[in-house]
Amino acid sequence: FRRLLFRSAIISISAFFERKWVNKVVSFIWSIIVFSLIFFAVGYIINSNVQEMIDNSDTYQGKLRDLILPLFEYFSWLEIDTDKLKEKTLDAINISSALWWILSAITGIVWYLWVIFFYVIFLLLEFRYISGKIKIILKKVSWKDKVIDMIDHIKRDVRSYFVIKTIISLITSFLSYIVLF
C-alpha cells in the first residue's frame with residue numbers, strides 16, 4: 001500500500017509538471033526531486049522537534065514530577081506505603097530515555113520509507129512500459145481492451161484518491177495548527 005501511495009504521489013507530481021509544458025523525463029526527475037525535498041523537510045522537522053524535546057527533557061521531567069507528587073498526597077489516606085510507591089514511580093519515569101526511544105523508532109520508520117521510495121522509483125522507471133507489456137501478454141485474448149481500460153480506471157481512481165487525501169490532510173493539518181497555536 002505504501003508503494004502504491006508513493007508511486008501515485010510521484011506520478012501526480014510528474015503529471016502536474018507535464019501540464020506545465022515540461023517533457024516526461026524532466027517532469028519525472030522534477031517530481032522525484034520535489035518528493036525528496038518534501039520527505040527531507042518532514043524528516044528535518046520531526047528530528048529537530050524531537051531533538052529539542054530531548055534537550056529540554058530535564059524540564060519536562062521536573063514538570064511531570066510536580067504533577068505526579070500531589071496525586072500521591074491525595075492517595076495518602078489509603079493503607080499503603082505511598083512514600084515507597086512515590087519513590088519507585090518517580091524513579092521509573094525517565095522522559096529522556098523515552099524520547100530517545102521515540103527518536104530511534106522514527107529513524108527506523110524514515111529509513112524504511114526511504115527504501116520504499118527508491119524501490120518505487122525503479123518501479124516507476126518501468127511503469128511506462130506496462131501497457132505495452134500487457135498488450136503483448138494479452139495479444140490473443142479477446143478481452144484485452146477491457147483489462148487495459150480497467151487498469152487505466154484503477155490508475156485514475158488511485159490518483160483521485162491521492163489528490164483528495166492530500167487536500168484533506170492539508171486542511172486537517174492547517175486546522176490543527178490553528179487550534180494548537
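Residues are numbered from 1 along each chain as its sequence is written, and side-chain values use heavy atoms, with hydrogens and water left out. Since this is a predicted model, local features need a pLDDT of at least 70 and side-chain atom pairs count only at pLDDT 80 or more, whereas totals for chains, interfaces and linings use all residues.

The chain holds seven helices and zero strands, where helices (H or I, at least four residues) and strands (E, at least two) are DSSP runs numbered from the N terminus. Read along the sequence, the pattern is α-α-α-α-α-α-α. The predictor's confidence in each residue, the pLDDT, runs from 0 to 100; the chain averages 77, and 85% of the residues score at least 70. Among the elements of the chain, helix α1 (residues 2-19) has the lowest mean pLDDT, 68, while α7 has the highest, 83. Where pLDDT is low, the predicted coordinates should not be read in detail.

Of the 181 residues in the chain, 23% are buried, a word that here means under 20% relative accessible area, with exposed meaning over 50% and partly exposed in between (1.4 Å probe, protein chains only). The chain exposes about 13900 Å², of which carbon and sulfur atoms supply 69%; accessible areas come from the Shrake-Rupley method with a 1.4 Å probe, and for residues only the protein chains shown count as cover. Contact means heavy atoms within 4.5 Å, and among contacts in the chain between residues at least 6 apart in sequence, 67% join residues at least 24 apart.

Two residues illustrate such contacts. Ser36 lies in helix α2 (residues 24-55) and counts as buried because its relative accessibility is 13%; leaving aside neighbours within four places in sequence, Ser36 is in contact with Trp114 and Phe117. Arg159, in helix α7, counts as partly exposed because its relative accessibility is 31%.

Helix α4 (residues 82-92) contains Thr89, which counts as partly exposed because its relative accessibility is 26%. Thr89 and Ile68 are 21 residues apart in sequence and 9.1 Å apart in space, C-alpha to C-alpha.

A nonpolar surface patch of about 880 Å² is made by Val163, Ile167, Ile171, Phe174, Leu175, Tyr177, Ile178 and Phe181. Patches are made of residues with over 30% relative accessible area and no salt bridge, like charges being joined within 9 Å and nonpolar side chains (Val, Leu, Ile, Met, Phe, Trp, Tyr) within 5 Å; a salt bridge is a side-chain nitrogen of Lys or Arg within 4 Å of a carboxyl oxygen of Asp or Glu. Ile171 is in helix α7 (residues 144-180) and is partly exposed, because its relative accessible area is 48%.

A search of the whole structure finds one aromatic pair: Tyr177 and Phe181 are stacked, 5.8 Å centre to centre with 20 degrees between the planes. Rings of Phe, Tyr and Trp (its six-membered ring) pair if their centres lie within 6.5 Å, and planes under 30 degrees apart count as stacked, over 60 as edge-to-face and the rest as tilted. Both Tyr177 and Phe181 are exposed.
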